[in-house]
Amino acid sequence: MATEPPRRLRFGIIGCANIAKKVSRAILLSPNSTIVAIGSRSLDKAVAFAKENGYPASAKAYGSYEAVLDDPNVDAVYIPLPTSLHLQWAVLAARKKKHVLLEKPVALNVGELDKILEACESSGVQYMDATMWMHHPRTAEMKAFLSDSLRFGQLKAVHSIFSYNSGTDFLKNDIRVKPDLDALGALGDTGWYCIRAILWASDYQLPKTVTALSNVEYNESGVILSCGASLQFRDNKLATFYCSFLSNLTMEISVLGSNGYLRVHDFVIPFQESVGPFYVNANTKFAELSIGIEPAPTEYLIETDLPQEALMVKEFASLVGKIKENGSETEKKWGEISRKTQLVVDAVKASIEKGFEPIEVIV
């Protein structure tokens with residue numbers, strides 16, 4: 001007797017941001033999800049967005065966000081709205097029993113995020129932030145190397161960079177440089193990835209203190225366009241990052257251990273969708289006469305059939321499926337990871353505002 005195919009998670013999307021195009025494609029690529037609704041403040045825009053992005057003919061277009069949340073056929077919502085709107089719409093979505101996939105940065109501060117997580121918890125709905133690289137199979141392979149006591153050893157230092165230079169139109173008009181829409185600027189957008197990378201490499205141990213570096217650049221509205229910070233941990237390991245809207249596209253993680261070293265050049269978005277490379281050195285020594293090193297660095301190429309954003313959607317849909325079909329509890333780790341990332345974002349912002357003083361990270 002043939003078994004029925006698994007039921008697809010039915011997504012509604014509120015907002016037609018550019019990133020929603022990529023995630024719409026991911027939802028349609030994922031084997032366990034589909035799109036049933038799109039909402040915009042303009043019905044015409046929602047209709048056009050659905051057509052341009054290949055939505056199923058059955059998907060409904062709405063001229064408001066709330067109409068998507070009121071649609072009984074919507075199981076979960078993806079929210080790509082400006083950060084200033086996340087609290088309002090993520091909380092409302094949770095209260096209406098919709099599972100929440102939330103674009104990053106997830107909130108303007110940890111107080112807002114706590115309200116979102118509380119709403120999800122009280123309604124029994126799954127929460128996940130849309131940090132896509134976490135779901136690439138390369139990420140698990142890199143973590144396996146970092147966990148190898150012989151090849152990597154004890155973590156000593158991490159450095160991360162995420163920057164891009166999108167030109168004058170971006171710097172004038174994008175929501176990420178508007179204080180009323182995304183007031184965290186580059187810290188919230190590219191800095192979120194750097195901070196997440198540091199926490200990931202550190203097994204999500206929070207730093208003791210965070211100190212912003214004094215090279216902050218702002219636009220005329222006071223929004224951060226570039227910044228950096230150092231993170232000091234209780235066991236003496238050190239981490240630093242640089243994030244920017246003003247520098248060439250760079251997406252680096254460098255992780256140094258007592259016995260080994262890892263580097264990835266494209267951690268945010270792989271240079272090639274189907275394969276993710278990374279490089280490791282293990283137990284490296286100078287060659288004779290110091291004319292080289294040995295052993296040589298090793299390059300790993302991790303292939304994937306689905307792009308990382310589709311794997312993110314697949315994982316989210318799988319978690320929701322377990323809740324709906326088996327009565328499972330929600331997976332709490334995604335909220336915990338978001339909260340730790342947001343705590344460090346908040347600490348960097350506080351350090352900048354207090355003249356680059358060290359800020360203690362308090363859970």
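Select residues 9–128, where the chain is 43% helix and 22% strand and the end C-alpha atoms lie 15 Å apart. Helices here are DSSP runs of H or I with at least four residues, strands are runs of E with at least two, and both are numbered from the N terminus. UniProt, in an unreviewed entry, places the feature "domain: Gfo/Idh/MocA-like oxidoreductase N-terminal" at residues 9–128. UniProt positions follow the numbering used here, feature names are shortened, and annotations may be inferred rather than shown by experiment.

The model is predicted: local features need pLDDT of at least 70, side-chain atom pairs count only at pLDDT 80 or more, and totals for chains, interfaces and linings use all residues. Residues are numbered from 1 along each chain as its sequence is written, and side-chain values use heavy atoms, with hydrogens and water left out.

Next, select helix α2, residues 43–52, and display Ala46, Phe49 and Ala50, which are buried. Buried means under 20% relative accessible area, exposed means over 50%, and partly exposed lies in between, with a 1.4 Å probe and protein chains only. The buried residues of α2 pack against α1 (18–29), β2 (33–39) and β3 (60–62). Turn to the face directed away from the buried side of α2 to find the exposed residues Asp44, Lys51 and Glu52. Gly54 follows α2 and has a positive phi, near 70°.

Now select helix α4 (residues 86–95) together with helix α5 (residues 110–123); they pack at an angle of about 10°, with their axes 8 Å apart. Axes are lines fitted to C-alpha atoms, for helices over the stretch in contact, and angles run from 0 to 180 degrees between N-to-C directions. The helices α4 and α5 are therefore roughly parallel to each other; angles under 35 degrees count as such, over 145 as roughly antiparallel, 65 to 115 as roughly perpendicular and the rest as oblique. On α4, the contact is made by His86, Leu87, Ala90, Val91, Ala94 and Arg95, and on α5 by Glu112, Lys115, Ile116, Ala119, Cys120 and Ser123. Contact means heavy atoms within 4.5 Å. The residues of this contact divide into seven nonpolar, two polar and three charged. Ala, Val, Leu, Ile, Met, Phe, Trp, Tyr, Cys and Pro count as nonpolar, Asp, Glu, Lys and Arg as charged, and the others, Gly among them, as polar.

Select residues 148–262 next, for which UniProt lists "domain: GFO/IDH/MocA-like oxidoreductase" in an unreviewed entry. Over this span the chain is 21% helix and 42% strand, and the end C-alpha atoms are 12 Å apart.

Proceed to Glu309 in helix α9 (residues 308–326). Glu309 counts as buried, at 4% relative accessibility. Leaving aside residues up to four places away in sequence, Glu309 touches Lys22, Arg25, Ala26, Met132 and Glu273.

Glu331 is found in the loop between α9 and α10 (333–353). Glu331 is partly exposed, with a relative accessible area of 33%. Residues up to four places away in sequence not being counted, Glu331 touches Gln126 and Leu319.

Finish at Ile337 in helix α10, which is buried, with a relative accessible area of 9%. The C-alpha atoms of Ile337 and Asp129 are 9.0 Å apart in space, while the two residues are 208 residues apart in sequence.
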